[in-house]
Amino acid sequence: EAGNGAEKDLAGALALYQKGCELEELDSCFWAAVAIEEGRGTTPDKITARGLYGKNCERNHARSCAQYGYLLQQKLLPETKRDYKGARVAYQKACTMGNSIACHNLAILQEWGDGGPRDYPTALANYDKACEMSYASACAALSRFYGSGLGVVSNPGLSAAYLNRACELGHQQSCKRLGR
């Protein structure tokens, strides 16, 4: 795919990913779905990619569950609806398997009440889990929660600590807020 040691061949790489997927190699299934989603070696097709991510998620592949949840949130065609409830399920599964992006995205849905009830304590717990896994945006969200008292007792010191952590992890908006 990258052309390391040979000529770049996106279609050939996709064929190999698909062959690996047929052999039930979960990472190959994931990369085949990525290639199809992004149009690497084929025409971009988010609907087909979403189906592949979903099948791979059923086989407990965390990154596939995270991307499946993301695509469930999107309105991919005029006829397709956003499936926030399904996205929550996929994100929860990926988060449980240790995927920081899924924990963060699940927390967003829980914070805003998309696909289920608004649940600040659970959103806070999932932001915290993602922050512990060094996901900068989740640390910034925790700073916002503790700074505003959203679902928790306001704690300016804790807010500042999370803001600093977010900046250290490369979250540019947090760094700007800190004057860095």
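This is a predicted model: local features need pLDDT of at least 70, side-chain atom pairs count only at pLDDT 80 or more; totals for chains, interfaces and linings use all residues.

Trainee: Why are α7 and α8 called oblique to each other?

Mentor: The axes of α7 (residues 120–132) and α8 (residues 136–148) come within 8 Å and cross at roughly 140°. Such axes are lines fitted to C-alpha atoms, for helices over the stretch in contact, with angles running from 0 to 180 degrees between N-to-C directions; the helices themselves are DSSP runs (H or I, at least four residues), numbered from the N terminus. Angles under 35 degrees count as roughly parallel, over 145 as roughly antiparallel, 65 to 115 as roughly perpendicular and the rest as oblique, and α7 and α8 are therefore oblique to each other.

Trainee: What is the handedness of the crossing of α7 and α8?

Mentor: α7 passes α8 in a left-handed crossing, a term used if the near helix is turned anticlockwise from the far one by less than a right angle, whereas clockwise would be right-handed.

Trainee: Which residues of α7 and α8 meet?

Mentor: With contact meaning heavy atoms within 4.5 Å, Tyr120, Ala123, Leu124, Tyr127, Asp128, Ala130 and Cys131 in α7 meet Ala138, Cys139, Ala141, Leu142, Arg144, Phe145 and Tyr146 in α8. By class, this contact of α7 with α8 has 12 nonpolar, no polar and 2 charged residues, where Ala, Val, Leu, Ile, Met, Phe, Trp, Tyr, Cys and Pro count as nonpolar, Asp, Glu, Lys and Arg as charged, and the others, Gly among them, as polar.

Trainee: What makes α4 and α5 roughly antiparallel to each other?

Mentor: The axes of α4 and α5 also come within 8 Å, and they cross at roughly 165°; that value is in the range assigned to roughly antiparallel pairs, and α4 and α5 are therefore described in that way. α4, too, passes α5 in a left-handed crossing. The residues of the contact of α4 with α5 divide into 11 nonpolar, 3 polar and 1 charged.

Trainee: What makes a set of residues a nonpolar core, and how many residues has the largest nonpolar core here?

Mentor: A nonpolar core is a set of buried Ala, Val, Leu, Ile, Met, Phe, Trp, Tyr and Cys residues joined through side-chain atoms within 4.5 Å. The largest nonpolar core has 28 residues, and those with the most contacts inside it are Tyr91, Ala102, Leu124, Tyr127, Cys131, Leu142 and Tyr146. The elements that give two or more residues to this core are α4 (62–73), α5 (84–96), α6 (100–112), α7, α8 and α9 (156–168), and α8 gives the most, with 7 residues. A second, separate core of 13 residues includes Leu14, Ala35, Ile36 and Leu76.

Trainee: How do you know whether Ala102 is buried or exposed?

Mentor: Buried means under 20% relative accessible area, exposed over 50%, and partly exposed in between, with a 1.4 Å probe and protein chains only. At 0% relative accessibility, Ala102 therefore counts as buried. Ala102 has its place in helix α6 and, not counting residues up to four places away in sequence, touches Ala66, Tyr91, Ala94 and Cys95.

Trainee: Why does Leu71 count as buried?

Mentor: Leu71, in helix α4, has 0% relative accessibility and so counts as buried. Leaving out residues up to four places away in sequence, Leu71 touches Glu37, Lys46, Ala49, Arg50, Tyr53 and Leu76.

Trainee: Why is Ser143 called buried?

Mentor: Ser143 is found in helix α8, and its relative accessibility is 1%, so Ser143 counts as buried. Its contacts, not counting residues up to four places away in sequence, are Ser159, Tyr162, Leu163 and Arg177.

Trainee: Why is Glu24 called exposed, and why is Ser134 called partly exposed?

Mentor: Glu24, in the loop between α1 (10–22) and α2 (26–38), has a relative accessible area of 58% and is therefore exposed. Ser134, in the loop between α7 and α8, has a relative accessible area of 40% and is therefore partly exposed. Phi is near 65° for Glu24, a positive value in a residue other than glycine, and phi of Ser134, likewise positive in a residue other than glycine, is near 70°.

Key: Residues are numbered from 1 along each chain as its sequence is written. Side-chain values use heavy atoms; hydrogens and water are left out.
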